[in-house]
Amino acid sequence: MPRGVLPSRFLILYGSQKGQAQSIAEQLADQAAEHGFEADVSCLSQADKYNLEKEHNPVVFVVSTTGDGEPPDTALKFVRSIKKKSLPRDHFSHLHYGLLALGDTNYTDFCNCGKTIDRRLQELGANHFYETGLADDGTGLEVVLDPWIDGLWDALKKIFAKMPASDLIRSISLSDGHQLVAAQEKLESTARSLKLLDISDVDAGKFKPESETESLDAETPLEASLNRSIAPLSQSSLSIPALPPSYLEVCFGDVPTGEEEAHVVARGFHAVPISRAVRLTRDDAVKPAILLELDIKNENVSYQPGDAFDLLCPNRETEVEDLLHRLSLRDKKNHSVHLQLLKTTKKKGARVPPYITEKCTLQYLLTWCLEIRSIPKKAFLRSLVDCTQQAQEKRRLQELCSREGAADYDRFVRKPSVCILDLLRAFPSCTPPLSLLIEHLPKLQPRAYSAASSSLRHPGKVHIVFSVVRFPACAEHPERTGLCTGWLADRVSTIIEPYGTKQASRESVDYAALPKVHISPRLNNTFRLPSDPTVPMVMVGPGSGVAPFVGFLQQREKERERNQDGAFGETWLFFGCRHKDRDFIFREELERFAEDKTLSRLKVCFSRAEPDRSGSEAEPKYVQHNLLLHAEHVARVLLKENGRLYVCGDAKNMAKDVNDTLMEIIGAGLQVDKLESMKTVAKLREEKRYLQDIWS
């Protein structure tokens with residue numbers, strides 16, 4: 001770089017729901033200087049910090065998608081602003097941009113937010129300087145993410161080479177020429193010192209096996225594992241990511257006084273008692289389902305059927321204790337934690353995580369603030385390398401975060417859902433400081449549960465349904481249950497009522513003795529009953545996916561009681577489970593809805609039912625098969641009667657299969673090809689007549 005020339009400046013804008021896009025944006029900013037660039041990072045919601053209408057330097061967008069193909073909360077206002085029809089077609093003709101969209105192919109509208117922004121920017125005259133990347137969390141973001149980032153730097157160099165000198169001058173942000181010269185001299189001095197090093201094996205981030213490592217295994221292991229590799233990877237040069245800059249300093253204070261859980265309530269969550277817990281499935285059901293009744297009458301909480309509740313659960317006490325022991329911090333667990341930024345940090349936009357309560361105890365921090373079960377990203381693994389003493393362990397961590405080790409990362413880290421505690425067990429010589437965990441572990445996220453009730457039927461109460469998720473033991477981690485579902489099951493173990501118990505609320509309850517949970521309503525303004533009760537609807541909800549529809553039907557039943565002469569639209573429910581006698585949840589209530597005509601049609605199928613030996617036509621196994629059997633009626637409701645289709649449940653299989661079936665039904669109903677069916681389905685989504693509440 002010639003003396004007096006500043007690094008070329010570009011802008012990074014991110015839209016993030018749970019921190020993934022933000023983390024990648026900050027990673028790009030950290031790497032920019034290594035490639036001769038200067039990056040400014042802003043959230044799309046921080047409109048006062050950027051102005052795309054006057055931005056002549058390249059812009060990189062990193063955006064995720066949430067919910068039913070919706071923009072994350074931080075990008076919602078931006079998306080609305082660029083969708084204004086009054087904007088001229090050349091509004092962004094000066095803009096050069098690249099875009100990385102994050103999504104999950106388990107969901108139908110894969111990367112929809114990124115695609116929407118990309119399409120709209122193009123319509124307003126903006127130009128790509130780099131191809132759009134669509135990263136899939138369903139198969140591993142790094143599959144697309146790593147090569148996309150690698151190619152970004154060359155694309156930036158090319159666009160800057162093409163930019164007029166007047167635009168390049170705009171990128172100069174230092175106001176003092178003496179600072180410029182001093183900075184350049186420092187760079188040149190560093191470059192001269194690097195020439196004294198033998199860096200032939202470190203070019204472009206490539207690392208060969210250390211000689212100490214090469215001699216450790218006289219016999220090559222037959223099979224790779226989390227902490228062991230085999231040839232050819234064990235003998236390869238590695239391209240590992242740059243070391244993320246540290247930015248936090250941790251100090252311990254005195255032991256504080258007061259109730260720690262008060263912090264949780266102060267963050268917008270309501271502590272409510274579990275007034276009832278009922279087992280909805282037989283003891284031999286494959287996926288036990290439990291209904292919880294939460295008492296919300298003393299809290300300022302309201303909801304509509306179709307809404308969900310965020311439930312904040314703590315990390316498991318045993319795992320927190322194990323982590324404290326592994327970090328050699330058990331004696332500090334009741335001491336307050338003080339965080340501040342390192343004065344020497346090189347991380348752009350560094351800040352103390354706002355979700356960590358000031359002066360909370362270490363035990364509280366690890367219990368309520370950090371997602372210690374999260375899958376470590378490659379940047380985290382790279383940071384752990386420098387905290388590892390044993391050479392073979394160090395090498396293996398380098399492999400797992402390298403480009404060459406992508407398959408091993410996927411196989412031994414991502415797919416088995418390895419967490420930091422699993423890594424520390426597998427790599428005993430790795431001793432990271434607490435600050436590193438706080439820098440890399442994301443915020444502990446609440447888990448969302450659909451309301452399975454109507455406040456008209458159960459005033460002052462809300463019902464939720466969950467199945468305990470189980471992760472069997474494997475080579476990478478011991479057997480464990482889902483963080484929230486396992487915790488909830490433990491909370492109600494002493495009060496749970498057996499299968500077959502009637503679900504009427506009890507009259508008298510000792511509320512002081514009941515377990516409590518922390519909840520916050522998550523309003524869903526689209527996944528709700530039609531405002532016009534005459535609109536017909538089709539509901540598809542196998543397993544616990546039926547929960548919101550129970551709330552719908554309770555609400556509709558009460559509305560019919562209040563307005564007996566009113567007109568109400570046709571209602572269909574497609575439900576499915578494994579066994580009729582084991583896990584047909586809400587059976588009595590659903591059959592009652594069908595009897596009193598609140599539910600026009602109840603269509604149920606059982607995937608593990610014994611085959612019919614009479615020779616008659618086989619019964620449908622899954623909800624999509626039942627939809628096809630009634631294709632004519634479904635098509636009529638959606639295409640002729642302006643009805644709605646609601647789908648709730650598993651995104652990975654069921655939701656995809658239902659979507660494919662819907663396209664088949666529409667194709668047959670309209671006698672059009674697959675492309676036209678896809679367009680019709682897309683239109684139903686746009687009109688909010690095809691709505692999903694799905695999870696992976």
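Q: What makes the approach of the Arg480 side chain to the backbone oxygen of Ser417 a polar contact?
A: The distance is 3.0 Å, and a polar contact is a pair of N or O atoms within 3.5 Å, where within protein one must be able to donate a hydrogen and the other to accept it, and residues adjacent in sequence count only if both atoms are side-chain atoms. The pair therefore qualifies. This is a predicted model, in which local features need pLDDT of at least 70 and side-chain atom pairs count only at pLDDT 80 or more, while totals for chains, interfaces and linings use all residues. Residues are numbered from 1 along each chain as its sequence is written, and side-chain values use heavy atoms, with hydrogens and water left out.

Q: Why is Arg480 called buried?
A: Its relative accessible area is 12%; buried means under 20%, exposed over 50%, and partly exposed in between (1.4 Å probe, protein chains only). Arg480 is therefore buried.

Q: Which residues is Arg480 in contact with, leaving aside its neighbours within four places in sequence?
A: Contact means heavy atoms within 4.5 Å. On that basis the list is Arg373, Ser417, Cys419, Asp422, Val469, Arg470 and Phe471. Arg480 itself lies in strand S17 (residues 480–481); strands (E, at least two residues) and helices (H or I, at least four) are DSSP runs, numbered from the N terminus.

Q: What makes the meeting of the Arg685 and Asp109 side chains a salt bridge?
A: A salt bridge is a side-chain nitrogen of Lys or Arg within 4 Å of a carboxyl oxygen of Asp or Glu. Here the N to O distance is 3.8 Å, so the pair counts. Arg685 lies in helix H22 (residues 674–686) and Asp109 in the loop between strand S4 (96–103) and helix H3 (112–123), so the pair ties together parts that are 576 residues apart in sequence. With a relative accessible area of 10%, Arg685 is buried, whereas Asp109 is partly exposed at 22%.

Q: How many salt bridges does a search of the whole structure find?
A: The search finds 44. One of them joins Glu399 and Arg396 at 2.9 Å, N to O. These two residues are three apart in helix H12 (residues 391–401), so about one helical turn separates them, and both are buried.

Q: How do you know that Glu557 and Arg592 form a salt bridge?
A: Their side chains meet at 2.5 Å, N to O. The pair links distant parts of the chain, with Glu557 in helix H17 (residues 547–562) and Arg592 in helix H18 (residues 587–595), 35 residues apart. Glu557 is buried, with a relative accessible area of 5%; Arg592, at 32%, is partly exposed. Both belong to a salt-bridge network that also includes Arg457, Glu589 and Asp596.

Q: Why is strand S1 described as largely enclosed by the rest of the structure?
A: Eight of the eight residues of S1 (residues 8–15) are buried, so the description applies. Ser8, Phe10, Ile12 and Tyr14 point one way, and Arg9, Leu11, Leu13 and Gly15 the other way.

Q: What makes S1 and S2 paired strands?
A: Two strands pair if DSSP finds at least two bridges between them. S1 and S2 (residues 37–43) have seven, in the parallel sense; in S2, Asp40 is the bridge partner of Leu11. S1 also pairs with strand S3 (residues 59–64), in the parallel sense over five bridges, and Tyr14 stands opposite Val62 in S3.
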